Amino acid sequence: MAVGIHAFGGYLPRRRLSRQIVVEANAWFAPALKGLGRGERAIANWDEDPVTMAVEACRDALGLLDRSTLGALWLASTTLPFEDRQNAGIVAEALGLDSTVRTLDIAGSQRAGTSALLTAIDAVAGGAGPVLVTAAEKRRTRVASPLELTSGDGAAAILVGEGDGGAVVLGAATETADFVDHYRGQHQDFDYVWEERWIRDEGYQKLVPVAVERALAAAGVGAADIQHFCFPTSTTRVAAALARRLGLSDGSVRDNLQVSCGETGVAHPLVMLVHVLQEADEGDLILVTGFGQGGDAVVLRVGAGLADRQPVRGIEGSLAAGVSDTNYQRYLAINDLITIERGLRAEVDKQTGLTTLYRNRAMLLGFIGGRCRACGTPQYPASGACVNPDCGATGPQDRYPFADRSAQLNSYTSDRLTYSPDPPAYYGMVQFEGGGRAMIDFTDVDPGATLEVGVPMRMVFRVKDYDPMRGFRRYFWKAMPVLPSAPAEE
Amino acid sequence: MASGIRDKVALLGMGCSRFGERWNDNAEALILEAFSEALDDAGIEKCQIDAAWFATAIEEQHVGKSGIPLAMALRLPLIPVTRVENYCASGSEAFRGAVYAVASGACDVALALGVEKLKDTGYGGLPQRSRGAVNDMYWSNLSAPGAFAQLATAYQAKHGVAREDLKRAMAHVSVKSHANGAKNPKAHLRKAIDEDRALNAPMIADPLGLFDCCGVSDGAACAIVTTPDIARGLGRTDLVTVKALQLSVSNGTESQHNSWDGSHFMTTQVASARAYEEAGISNPREAIGLTEVHDCFSVTELVTMEDLHLSPEGGAIKDVMDGVFDAEGALPCQIDGGLKCFGHPIGASGLRMLYEIYLQMQGRAGDRQRSTEPTFGLTHNLGGFPHQNVCSVVIVGQEGA
């Protein structure tokens, strides 16, 4: 049975931290970092994590597709916010997926992204419904470490289903070896990394080729026929050397996005794949690899259907939407890498009632309101009594999702009194086309942005509050100004 | 058809503590300070009070729940004490309870007392607290200034007002209240400021700067009410009676239905119209001699002038700049300094407003006394946020007016 990629999407956080600034700040201690000072890396906002970035990538992939046909949603990451609470389940609630969807977190290795994709291919071939594979990473890195400079935050999503889709899977393979180039043990915040030269010579150069050669053989494709080779590590030269060794053409080595984004960990092979799929032509052959305790490889051929399956944003759109950021101090503060004086207002207890959350999960995680059965007025939250002053009918209301509806700004402020990890706190009244409104937090408002009454806003799924005392975090939807490059949604 | 409250109840005595940073006083001391003044003023004994209503809004920060703290602070003789909370309208709510009790005939004499002790948080501004288990999970991370600041953006958009013009009118509101507060020995903030200082202050929640925000204070205020007959029996003449008591509470229209544009207070428009009707006032701008409105923020006061039907819609900026609401203007607003400078101990504020009008009507307001005593005075509280709030409007006046 043919298995292909039927939809795909990507998400990179908007801010791009200047590496030069980081290198200069740390030059007194680690002058050798100078070689990594080129370009920018994508950094998550304070209210983003792998769950929220995965939601954005999935929304981009799914677009206006009927979400009820999804068989499974798998989330791959090594930096999931919850160790024991299914993270994919949060994504499923945010996407408003049917409760029959099979959800799963896939973690434990930098290879988790490609391994999730390969397993999804097998599952679909075995008769599972369409599987949405999403991968996201937000690595915590030490100040003045190479990883701080080479990593990026981001997510991608790939919908694997029966039939050719936009790109059909020709073959895949995995090589497994307990090659520990780095690890992060229990209760450790940061990676422990072994020597780069060893990783290059014994890891990349020996383990990846084995998987690639098997995948090419399974696909019945010669190495020289590959147009796009995705090797998701931060150094370009390794990919070029690997290509030569494998017999891939020089021109096939894809941009690893190191200059513009950084290496997004588990998500990076899928980020690079989404990026290729936004550019590839019909008939192109794509080789995607993943590295971590061995290697994965998958070969795809682009079909005629790719043009109809392009996401609104993808990685290209994400790259274009980036804004340069030279505020290293802010990056350190929002990632808890320095101890900042947050003030007494930050001490408010953020305990979440789990009963409260469960009862209201559609409202809070899905941003689902109600529509009055008598007068048709949409309202948020749903209520047993219609809010329309001319109606007031009581009784159940129809489920009415707001997340993807066009909205505009009604009133707003930027608040320096209330506690926010990233002051000032922007919030205001947002009004939805067709009815419904909410006084809601804003996010990703560029410094110096001109907000005004009437500007279009879109909803994004974000962390609302952290509860450091208990290690919990609350998610909810926020509004952000629609970027000029992004087309209006439904 | 209800006949309303007009002239059924008289103010017998009022008291108000000094407002401010009362670092060395517990709430109980503030309660006693306000009550002692009111009891002297009323000329009765404590045992003549039949029932009491006690207002606190953020009781977790000081006295805790229930009516017990009032009964204990004043050693009330086991009478009924009802604790009320209705955001910043709590003090007016306590007054409403006491007045209704007397009007019903259930009590001869009733006490309304409000107190708030806010300066034990360790930081400036209102205490940052939970808004309720479900609300905390989806409400924006809003502060009071941030919620009210949005009036400005919506008002500008609706009336096509330039930001600078609105800011200047807001500054005028605050400069005026500072000038008034400087003359009030019980006020929290007693320094005059000029327009430049107001305009150049640090931003709190755009476009509200520091001087657009009222003081957060410790304080208490109270009223003792009875029937006009009993008041006369106690030898009182020239009675100040209650003309109207109205409350309007948001039902979600502003926050959840797209019919509200965010530039004004729906509740204030409704409550004030009902209050004028109850008081028999057909032209409020002519009839009302003095107002004490809920100037938690300068922009609130400005917009409220329209919602009270004292300025035409879109006309408040002109009236403010023309000095209509200044101490020497035609219709003074916050002649005691207002929330802005007298201060804002939440539970006490509604009663503090009445206290000033009561003094002014009796010619007892000292340096800030109006040359002609007003016939009708209006107080207004706005609790909560523009998009969901509790609004109270109280009108008092000379008996028979």
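How many salt bridges are counted between chain B and chain A? The count is zero, where a salt bridge means a side-chain nitrogen of Lys or Arg within 4 Å of a carboxyl oxygen of Asp or Glu. Keep in mind that this is a predicted model, in which local features need pLDDT of at least 70, side-chain atom pairs count only at pLDDT 80 or more, and totals for chains, interfaces and linings use all residues. Residues are numbered from 1 along each chain as its sequence is written, chains are lettered from A in the order in which they are written, and side-chain values use heavy atoms, with hydrogens and water left out.

**Confidence in chain A**
- The mean pLDDT (the predictor's confidence in each residue, from 0 to 100) of chain A is 96, and 99% of its residues reach 70 or more.
- Residues 486-490 of chain A sit below 50, yet this stretch has nine contacts in the model beyond near neighbours in sequence; a contact means heavy atoms within 4.5 Å.
- Where pLDDT is low, the predicted coordinates should not be read in detail.

**Where chain B meets chain A**
- Chain B puts 39 residues into the contact, and chain A puts in 44.
- About 3,400 Å² is buried between the two chains, with carbon and sulfur atoms giving 57% of that; buried area is the accessible area (1.4 Å probe) that two parts lose on being put together, summed over both.
- Here 22 residue pairs are in polar contact, both at pLDDT 80 or more. That term means a pair of N or O atoms within 3.5 Å; within protein, one must be able to donate a hydrogen and the other to accept it, and residues adjacent in sequence count only if both atoms are side-chain atoms.
- Helix 5 of chain B gives the most to its side, with eight residues; helices (H or I, at least four residues) are DSSP runs, numbered from the N terminus.

- The domain assignment, which is automatic or from a database, gives domain 1 (10-119 + 218-233) and domain 2 (144-187 + 194-203 + 239-398).
- Domain 1 brings 43 residues to the contact and domain 2 brings 33.
- The area buried between these domains is about 3,000 Å², and carbon and sulfur atoms give 73% of it.
- On the domain 1 side, L11(B), F19(B) and C88(B) lose the most area to domain 2, together 24% of what that side buries.
- Two salt bridges are counted between the domains.

Conventions. Helices (H or I, at least four residues) and strands (E, at least two) are DSSP runs, numbered from the N terminus.
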